[in-house]
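Good morning. Please look at the structure first.

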Amino acid sequence: MPTSATSNHPGRPEGLIGRLNSVNIPYEAKLKALRDLKNQIIGNRTKKIAYLKLGAVPSVVSILSSAASAQGCIGDNREFHESVLIQSTAAIGSFACGLDAGVKAVLDAGAFPLLLSLISHLNEKVADAGARSLKLIYQSKLAPKYDFLQEKNMEFLLSLLNSKNENVTSLGASIITHSCQTTLEQLALSEAGIIKRLVSLLGGSISQKDASLESLAAVIKGNPEVASKFMGPESGRALNLVIELIKDKHPRTRLLACMCLISIRNTSTSYLQDSGIKSTLVLVLLELLGDPGQVGDEAPFVLSSLITEKEDMQKVAFDANVIDSLCENLNSVSFQAKRLQGTFLALGDLCSKLECCRDRVLDSKVLNFITEALVHDSAEVRAATCIFLKNASRSVKNLSAGKFMNEAIAVPLVQRLWDSSTSVQVAALGALCNMVVDFTADKSLFMKCGILRHLVVLSKSMESAIRVSAVWALKNLAFHVSSRCKEEILSELTSATLVSLISDPEASVQEQALSLTRNLVDGTLNSVNYVIGEDGDLVHAIGKQLRSTSKVEVLIQGMYTLSNVASANELHKKAVMTQLLARAGSDSETLMIKSLQSSDSRLRTATVWTLINLTLPNSPDTSTRVTELWSAGIVSQLKNMVNDPCLDVKLRARMALGQLMMFGDALT
């Protein structure tokens with residue numbers, strides 16, 4: 001009679017785990033179970049996850065630990081036990097391959113020190129298996145960081161790089177790539193002769209070449225001293241080897257050779273700056289963008305590292321039609337999240353400086369893919385899309401044309417303000433900072449999306465990066481809008497919150513809050529009346545902050561805000577005078593004198609403008625204020641500025657003095 005299947009069937013995951021854990025079955029059966037497990041999970045993400053949930057990794061690590069402990073007393077069973085070591089190590093490596101959850105499970109189960117001990121095993125196959133598994137672990141960000149600054153660790157690393165086993169040498173290079181993060185570590189590796197050894201591996205196997213190129217890039221990156229050593233007396237040979245490898249037949253080797261050369265190039269403006277190498281790097285990466293595998297996924301990131309903040313390289317990429325190739329990636333079938341992320345980052349970099357690049361990107365209908373990308377499952381893709389929008393919307397021309405003013409973009413972008421990822425929130429705020437400027441002054445679409453309420457809430461965030469970006473966006477939202485819109489902004493924000501932001505612990509938040517206030521009080525008398533009110537708390541908060549800060553950007557924005565307030569009625573002018581002529585604590589100089597004597601011409605200009613607004617001839621109490629300014633030593637300071645080296649300051653100082661001279665004896 002047929003029987004029902006049970007959970008302990010040996011072919012099922014539960015049954016296989018049972019065999020691994022059983023103390024009643026012979027080791028031969030466990031060896032077979034290890035092989036079965038390894039064969040099932042290789043290249044099968046779904047089965048890996050299923051076995052992880054069943055606790056397979058601790059079971060395999062336990063077997064590895066027992067086999068490793070038995071090495072000294074295995075006698076005639078040596079070959080069998082070494083097979084157990086190899087199979088359990090291979091299974092652990094398979095769990096770690098391409099799956100962070102697998103890496104975490106492997107590390108939590110205590111496999112790392114066991115695998116590390118196998119590197120020195122007398123059986124080369126065991127050592128090779130250990131090195132392979134450790135290399136797979138070191139592909140993950142979760143891999144343990146190696147401390148190069150300890151002498152014994154450096155000696156061990158050199159022993160790995162000097163090994164005759166190519167997987168062991170590749171492991172050594174992988175450890176460097178993962179762990180080398182500080183200038184001190186780079187220097188320590190360089191002084192220990194690591195660079196010379198890595199260069200020697202460039203003539204080795206494919207895996208050795210690739211691991212060496214990646215490690216060299218990590219050791220040199222951002223460190224001119226190490227780059228100089230690499231480009232030293234033997235630089236011709238080392239550099240030529242790397243340059244030759246960008247022509248290698250293997251796509252990954254070409255990609256890593258480009259990455260290494262870019263690392264050298266970005267570290268110092270003295271190296272690899274000729275037009276020939278620029279074009280070659282772009283053309284090689286252009287070809288690699290079309291690779292259907294992992295190389296194609298990583299190529300956009302390497303391209304970004306080549307062109308970011310470099311207008312000359314962006315022009316080379318533009319001329320090589322890189323934008324068209326990147327846009328084709330978006331038009332093709334759905335790629336992995338990583339490729340989508342890299343594509344938007346590269347497009348964003350290309351749009352960061354050149355208007356011709358922005359025009360080409362927008363003409364390529366990239367915006368058609370934005371809606372879907374903004375709601376992608378991957379936070380990295382969502383953040384990259386926002387970064388692209390931020391750079392693409394730097395164009396006054398395209399903002400004025402309303403290219404970004406449609407619900408397909410505005411609605412999902414505003415929704416990202418509540419994203420579960422902080423990096424996405426910050427990136428979305430960056431994009432919105434540009435878009436809400438909208439030189440057509442029609443900001444109703446974003447207001448309908450509820451952006452104002454979201455920004456006000458985020459301006460109170462505990463994260464300073466979110467806080468400053470939210471206030472920045474509010475500042476741009478208040479740029480050249482109607483009095484009604486300003487009232488709506490302040491009503492939602494409240495004067496108390498604005499005062500709090502002006503006094504924020506972060507100088508960057510203070511600057512943006514003052515700039516927001518400046519925009520709110522820019523324009524009609526009604527705007528100033530509504531924002532400042534009658535209690536003077538806001539003006540007092542501005543003056544207090546200006547007297548306590550040394551940050552010139554904060555001082556400039558605060559002074560221009562006071563200048564706008566000073567253009568209003570007599571009550572407002574009096575409030576500004578009180579703040580400008582006040583002294584901070586035991587300071588003998590007033591805020592106005594200190595600002596007029598600033599070494600920053602922008603602050604001097606802003607201060608003179610404030611004086612001009614305070615001394616307008618048609619204001620009823622100007623003569624009283626002129627007398628006060630004379631007593632405070634302002635007039636004599638202005639006279640010293642009529643030949644200021646800055647033309648703007650010089651012209652404004654003469655204009656201010658011209659107004660003051662209308663009141664006669666104040667200048668005698």
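By class, how many nonpolar, polar and charged residues does the lining of the largest pocket have? The lining has 17 nonpolar, 17 polar and twelve charged residues. Here Ala, Val, Leu, Ile, Met, Phe, Trp, Tyr, Cys and Pro count as nonpolar, Asp, Glu, Lys and Arg as charged, and the others, Gly among them, as polar.

Before I go on, a word on the source. This is a predicted model, where local features need pLDDT of at least 70 and side-chain atom pairs count only at pLDDT 80 or more, while totals for chains, interfaces and linings use all residues. Residues are numbered from 1 along each chain as its sequence is written, and side-chain values use heavy atoms, with hydrogens and water left out.

Back to the pocket. The largest pocket has a volume of about 2,300 Å³. Its lining holds 46 residues, and those closest to the centre are Q139, E214, R252, E298 and K338. Among the elements that give two or more residues to this lining are α6 (100-108), α13 (206-220) and α21 (337-350). Helix α16 gives the most, with eight residues. A pocket is an open set of points on a 1 Å grid over the protein atoms alone, where a 1.4 Å probe fits, with protein on both sides within 12 Å along at least five of seven lines; lining residues have an atom within 4 Å of a point. The volume is the space filled by probe spheres set on the points, which are joined across faces, edges and corners.

Now the whole chain. The protein chain has 42 helices and zero strands. Both are DSSP runs numbered from the N terminus: helices are H or I with at least four residues, strands E with at least two. A compact globule of 668 residues would have a radius of gyration near 26 Å, but this chain has 33 Å. That radius is taken over C-alpha atoms, and the globule rule is 2.2 Å times the number of residues to the power 0.38. Along its principal axes, the C-alpha trace spans about 115 × 75 × 55 Å. Buried residues make up 53% of the 668. Buried means under 20% relative accessible area, exposed over 50%, and partly exposed in between, with a 1.4 Å probe and protein chains only.

In α20 (residues 322-331), seven of the ten residues are buried. They pack against α17 (275-288), α18, α19, α21 and α22. One of the buried residues is I323, which counts as buried because its relative accessibility is 1%. Leaving aside neighbours within four places in sequence, I323 is in contact with F318, L347, L350, C357, R360, V361 and S364. Contact means heavy atoms within 4.5 Å.

Is E309 buried or exposed? E309 counts as exposed because its relative accessibility is 53%. E309 is found in the loop between α18 and α19 (311-319), and its phi is near 60°, a positive value in a residue other than glycine. K365 is not a glycine either, and has a positive phi of about 65°. K365 lies in the loop between α22 (355-363) and α23 (370-374).

Last, A632. Its place is in the loop between α40 (622-631) and α41 (634-639). A632 counts as partly exposed, because its relative accessibility is 26%. Not counting residues up to four places away in sequence, A632 touches L581 and I593.
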